Amino acid sequence: MLGFLRRRKLRKLRQNSGETLVMHIGDTPERVYPFLKGLIGEARPDVIIHTGDLVDNIKLERRPDLKPAYEAGLRKLARILKGSRAKLYIVPGNEDDPELLRRFFGESVVEPGSIVEICRKTFALGHCWRDVADKEADFKLYGHNFKAIPRGLNAVLGVNFIFLPSGRVVKVDYPVGTDTARGYRLWRGL
């Protein structure tokens, strides 16, 4: 229910604001690609930033033999992201193949720890919180784990939408089951 209300709020803000909209995603298993495609169609972001692990259901770092499946997944996501016509920034994650990322996304690929300026606001871009923690920036975007840092937006916890120049942030939850598709083990207390 909360996700629906946030999406409704996002639509309303988008219609009434006239602001530039930045969408921040990361650690995306293939299972969420249809969700992302729909969300992109709804929100029409001006900029999309992906902070790594683009095909997060395939752990390429541990299973290099799955590179053909990774490439097929990357092709699907590239079609969605490039089809949005948004300005793209892609940060390689530990489960990504940087060479394939450059082949699919070209100049949109930036190194972890890069600083970019969008509408006079600075964004530190990294895959992990360590990539951005010591950077001077208005927003620190990352993913990889559940760590929270000051001025940080973690894409593992949800899709972040940043309105500029106001700096207003709206988080939309990923679909149920996303963490399982990422391969995260859920610990339960007794």
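## Two helices side by side

Helix 2 and helix 3 run roughly parallel to each other, a term that applies because angles under 35 degrees count as roughly parallel. This is a predicted model, in which local features need pLDDT of at least 70 and side-chain atom pairs count only at pLDDT 80 or more, while totals for chains, interfaces and linings use all residues. Residues are numbered from 1 along each chain as its sequence is written, and side-chain values use heavy atoms, with hydrogens and water left out.

Two packed helices are described by the angle between their axes and the distance between the axes. Helix 2 covers residues 33-43 and helix 3 covers residues 67-83, and the two pack at an angle of about 10° with their axes 10 Å apart. Helices (H or I, at least four residues) and strands (E, at least two) are DSSP runs, numbered from the N terminus, and axes are lines fitted to C-alpha atoms, for helices over the stretch in contact, with angles running from 0 to 180 degrees between N-to-C directions.

On the side of helix 2, Y33, L36, K37 and I40 meet G73, K76, L77, I80 and L81 of helix 3, where contact means heavy atoms within 4.5 Å. By class, this contact has 6 nonpolar, 1 polar and 2 charged residues; Ala, Val, Leu, Ile, Met, Phe, Trp, Tyr, Cys and Pro count as nonpolar, Asp, Glu, Lys and Arg as charged, and the others, Gly among them, as polar.

## Residues in loops

D46 lies in the loop between helix 2 and strand 2 (47-50). With a relative accessible area of 34%, D46 is partly exposed, a label for values between buried (under 20%) and exposed (over 50%), computed with a 1.4 Å probe on protein chains only. D46 and E19 are 27 residues apart in sequence, and their C-alpha atoms are 9.5 Å apart in space.

The loop between strand 6 (139-142) and strand 7 (152-154) holds H144, and R151 is found in the loop between strand 6 and strand 7 as well. H144 has a positive phi of about 80° although it is not a glycine, and R151, which is not a glycine either, has a positive phi of about 60°. H144 is partly exposed, with a relative accessible area of 30%, and R151 is partly exposed, with a value of 47%.

## A cis peptide bond

The peptide bond from L164 to P165 is cis, with omega near 20°. P165 itself lies in the loop between strand 8 (159-164) and strand 9 (169-172).

How values were computed. Parallel < 35°, antiparallel > 145°, perpendicular 65-115°, else oblique.
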